[in-house]
Amino acid sequence: MTSAVSGAPVRLLLVDDHTVVRAGLRALLGGEPGFEVVGETGDASDGVRLAERLRPDVVLMDLRLPGGAGPAGDGVDATRRLLAAVPGTRVVMFTGYGSQSDVRRAVEAGATGYVLKAGPPAELLRAVRIAAAGGMGLAPEAAKHLVGHLIRPEPAFTGREIEVVRLLAHGLSNRGIADALFLAEATVKSHLIRIYRKLGSSNRASTVKEAIRLGLVEVDTLP
């Protein structure tokens, strides 16, 4: 049972690698009746350890963090590990990234809230209260993406198609992709035709843009 149900303050842990953001969150949440900030960190793995030690009711988790699984860190992976270690804790993603793929990954990892940093403070406060009470606190934009995914599931891509689109995003020509993957150029063209069809794109630029939106290509990895 969370503190929100028992009447005690909702105990919060802040996990964000920007010191200024954490300071702003402390000021906002610390001044709000019924909330208590019990800890903070800028590292994903440290966030998991703090959650195990402090047992907060709600963790505010950024999406891009050092100490995560990927090269740039991953708040989604940290969320998955944290909830495995402390099942009673609720996680609200508080991030500047709001693509459909980001929202879906966070919810699939167990997050019960998703709020964009560009949104009004009231959205964050509402999401934290809902999550602490056991509900799903989603900002309107995140909710729209999640519903859109359920109604129109994203197309499935083969491993080879993902390799092709990632090399495409790095600026390789069809011949360059073929050489990198040890394929015939005609085979690469066939893969691209299927990729274009699945993404609803008509050229290389729109294909890369849509692949980034779906999370097939990480912006941080591009030249």
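Predicted model: local features only at pLDDT ≥ 70, side-chain atom pairs only at ≥ 80, totals over all residues.
View 1. A ring does, however, take part in another arrangement: Lys-198 is placed over the face of Phe-157. The distance from Lys-198 to the ring centre of Phe-157 is 5.4 Å.

**View 2. Packing of helix 8 against helix 11.** Helix 8 comprises residues 159-169, and helix 11 comprises residues 204-213. The axes of these two helices are 10 Å apart, and the packing angle is about 115 degrees. Angles of 65 to 115 degrees count as roughly perpendicular, and helix 8 and helix 11 are therefore described as roughly perpendicular to each other. The crossing of helix 8 with helix 11 is left-handed. Helix 8 contributes Val-165, Leu-168 and Ala-169 to the contact, while helix 11 contributes Arg-204, Thr-207, Val-208 and Ala-211. Of the residues in this contact between helix 8 and helix 11, five are nonpolar, one is polar and one is charged.

**View 3. Packing of helix 9 against helix 10.** Helix 9 covers residues 174-181, and helix 10 covers residues 185-199. Their axes come within 8 Å and cross at roughly 110 degrees; helix 9 is therefore roughly perpendicular to helix 10. On the side of helix 9, the contact is formed by Asn-174, Arg-175, Ile-177 and Ala-178. On the side of helix 10, Glu-185, Val-188, Lys-189 and Leu-192 take part. The contact of helix 9 with helix 10 consists of four nonpolar residues, one polar residue and three charged residues.

**View 4. Packing of helix 2 against helix 6.** Helix 2 spans residues 19-30, and helix 6 spans residues 121-132. The two helices pack with their axes 11 Å apart, at an angle of about 70 degrees. Helix 2 is therefore roughly perpendicular to helix 6. Helix 2 and helix 6 form a right-handed crossing. Leu-25, Leu-28 and Leu-29 of helix 2 meet Pro-121, Leu-124 and Leu-125 of helix 6 in the contact. The contact of helix 2 with helix 6 contains six nonpolar residues, with no polar and no charged residues.

Technical notes:
Residues numbered from 1 in each chain as written. Heavy atoms only, no water. Lys NZ or Arg CZ within 6 Å of the ring centre and 35° of its normal. Axes fitted to C-alpha atoms, helices over the stretch in contact; angles between N-to-C directions. Helix = DSSP H or I, 4+ residues; strand = E, 2+ residues; numbered from the N terminus. Parallel < 35°, antiparallel > 145°, perpendicular 65-115°, else oblique. Left-handed = near helix turned anticlockwise from the far one by under 90°. Contact = heavy atoms within 4.5 Å. Nonpolar A, V, L, I, M, F, W, Y, C, P; charged D, E, K, R; others polar.
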